[in-house]
Amino acid sequence: MVDKKYFVQLEISGRQALFKEPGTFRSFPVPPRTAAEGIFRAFAWLKTAYIRATSCRICSPVRYMEEGVNYFGPYRKSKLLKSGGALQRTLVPLFNVCYQLEGVVVEIAPSPAWHNQAHYLQEKFFRRLKERRPFRCVCLGTSDYLPDYCGLWRPETTVVDHNETVYGFPVELWDAPLNGKLAPAFDTVKIEKGVLTYA
């Protein structure tokens, strides 16, 4: 394993975001760690190393909005299921979001003697981020909410002074960082002075 730590940073903003609370249609104020890691992974990943999210900085005031959507999922009333009709639901996404994410490269398997895979993943990530060339679509929670900016930290961006205790926050989703089985875990977390440090 490589002793030196390799850190990465990313800034993402957009008109709307939805990091849905389980069993509700309301968004958490910040992306859970797995969502942040999904954004990192859109730019770079390896089978033997990945980028683990370490913190999220809130860079715009936390504001919510309501919007109506047609729900065609399995949890409709039987009458609607038979007729194929939609159920009207109210989503509560975030409005005008901006986050600065930090992460560190974590090795799952040792690097070969001739190759530093942690440094390689860091370099690959920053190269593709600067080129704005992700492997797959980058989104703010779901594919309905796309960013208007996703790149290097901008010097004019500042952290807002937001303090909040978030209950039932997803702290883990899988039992392994790559190719794991679903094993969700939830906890109470605190956002202090606009920063959430992931456990």
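Two strands are said to pair if DSSP finds at least two bridges between them. Helices (H or I, at least four residues) and strands (E, at least two) are DSSP runs, numbered from the N terminus. The structure is a predicted model, in which local features need pLDDT of at least 70 and side-chain atom pairs count only at pLDDT 80 or more, while totals for chains, interfaces and linings use all residues. Residues are numbered from 1 along each chain as its sequence is written, and side-chain values use heavy atoms, with hydrogens and water left out.

**View 1. The open sheet has 5 strands.** Their order is β6-β1-β5-β2-β9, and the pairing is antiparallel. β6 (149–151) and β9 (195–197) are the edge strands, each pairing on one side only. From one strand to the next, the twist averages 25°.

**View 2. Strand β1 and its two partners.** β1 (7–17) is joined to β5 by 10 bridges, and the two run antiparallel. In this pairing, Gly14 stands opposite Val97 of β5. With β6, β1 pairs over 3 bridges, also in the antiparallel sense; here Ser13 faces Tyr149 of β6.

**View 3. Strands β2 and β5, with helix α1.** β2 (residues 49–58) and β5 (residues 94–107) run antiparallel and are joined by 9 bridges. Ala53 stands opposite Gly103 in β5. Helix α1 (residues 33–41) packs on the sheet and touches β1, β2 and β5, where contact means heavy atoms within 4.5 Å. The direction of α1 makes about 120° with that of β2; axes are lines fitted to C-alpha atoms, for helices over the stretch in contact, and angles run from 0 to 180 degrees between N-to-C directions.

**View 4. Helix α3 on the sheet.** Helix α3 (residues 117–130) lies across β1, β2, β5 and β6. Its direction runs at about 35° to β1.

**View 5. The largest cavity.** A cavity is a set of points, on a 1 Å grid over the protein atoms alone, where a 1.4 Å probe fits but cannot get out; lining residues have an atom within 4 Å of a point. The structure holds 1 cavity of 30 Å³ or more, and the largest has about 40 Å³ of space, a volume being the space filled by probe spheres set on the points, which are joined across faces, edges and corners. Its lining includes Pro29, Ile58, Arg63 and Tyr99. β5 gives the most to this lining, with 4 residues.

Terms used. On a 1 Å grid over the protein atoms alone, a cavity is a set of points where a 1.4 Å probe fits but cannot get out, and a pocket is an open set with protein on both sides within 12 Å along at least five of seven lines; lining residues have an atom within 4 Å of a point.
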